[in-house]
Amino acid sequence: LSLPRVLTIDANGIMSANPIPQLHRLRQPSPRFFSNVTVPADGEPVFLPGVAGDQLEINFVIVGWQSAVSCGVKVRAAPDLSEHTDLFVSYNSSGRPATGFNRTQSSVADFSTPSYVSAKWAAPATDTVEVTVYVDHSVVEMFVNGGASRITARTYPVQEASTGVAFYADGGTVQFVNVTVWQLNGIW
C-alpha cells in the first residue's frame, strides 16, 4: 500500500520515514518547475499549468502556512474539482499542528468512502515546511519536513480527467515555492 521507506532516528530520538532514494530512478526527464505560486486566502485553487498525471512526484516548500487555517495540494483533481483529494498542513481543532488528507470529494462514485484524517506532528518553529507528494494511481502519500510527518491514503477517482494538481489555502495567503513535478515511470 505504501512506498518502501528508510527509517532514521535523529539525535533527539525523533523518528522520520522517507521514501527510498531509488525511487528517483522512476523519474521521467524534463520535470516541470515553478519558482513561486501564490494562493490568496480563501481564493480559488491554483492549478499548475501543464501538470497532470496519475504517477507523479511533487516537491515544494510552503511559506506562510501558519497564517492559514489549512493549506496544501489537491491531487487527482478534475478540472471542475468534482473529484480531488486534498493533502494538507493545518492546525487541528485543539490548536496543534496537523497533517492529513481529505477524501470527501475523491470520487463521484458511490463506492468511495469519504474520509477526513489528520495526524499531529511536531511542526517547526519557522513558517516554512518542505513537502514531497507521491501519486501512484490510487495511492497518494505525503512526506513533510524530511519525513517528520507522513500520511498515506487510497483514492478512487473515476473520471478520466481527474489528473490535475492544484494548490489551495483557506484562511490565509500562502506561497508555494521551489515547486518541482516529475512524471514517474512504472516499475514494470
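This is a short tour of a predicted model, going from the whole chain to a few single residues.

Before selecting anything, note that residues are numbered from 1 along each chain as its sequence is written. Because the model is predicted, local features need pLDDT of at least 70 and side-chain atom pairs count only at pLDDT 80 or more, while totals for chains, interfaces and linings use all residues, and side-chain values use heavy atoms, with hydrogens and water left out.

**The whole chain**

Show the protein chain as a cartoon, and you will find zero helices and 14 strands, where helices (H or I, at least four residues) and strands (E, at least two) are DSSP runs numbered from the N terminus. The C-alpha trace spans about 45 × 40 × 35 Å along its principal axes. The radius of gyration, taken over C-alpha atoms, is compared with a globule rule of 2.2 Å times the number of residues to the power 0.38; for 188 residues a compact globule would have a value near 16 Å, and the protein chain, with 16 Å, agrees. If you colour by accessibility, buried residues make up 47% of the 188 residues; buried means under 20% relative accessible area, exposed over 50%, and partly exposed in between, with a 1.4 Å probe and protein chains only.

Five residues lie between the strands of the hairpin, and Gly-13 takes a positive phi near 80 degrees.

**Two loop residues with positive phi**

Move on to Ser-30, in the loop between S2 and strand S3 (32–39). Its phi is near 65 degrees, a positive value in a residue other than glycine, and Ser-30 is exposed, with a relative accessible area of 66%. Then select His-137, in the loop between strand S10 (128–136) and strand S11 (139–144). His-137 also is not a glycine, yet has a positive phi of about 60 degrees, and at 38% relative accessibility it counts as partly exposed.

**The end of strand S4**

Finally, select Ala-52 in strand S4 (residues 46–52), which is partly exposed with a relative accessible area of 36%. Leaving aside residues up to four places away in sequence, Ala-52 touches Thr-163 and Gln-183, a contact being heavy atoms within 4.5 Å. To end, draw a distance from Ala-52 to Gly-147: the two are 95 residues apart in sequence and 25 Å apart in space, C-alpha to C-alpha.

Technical notes
Pairing = 2+ DSSP bridges.
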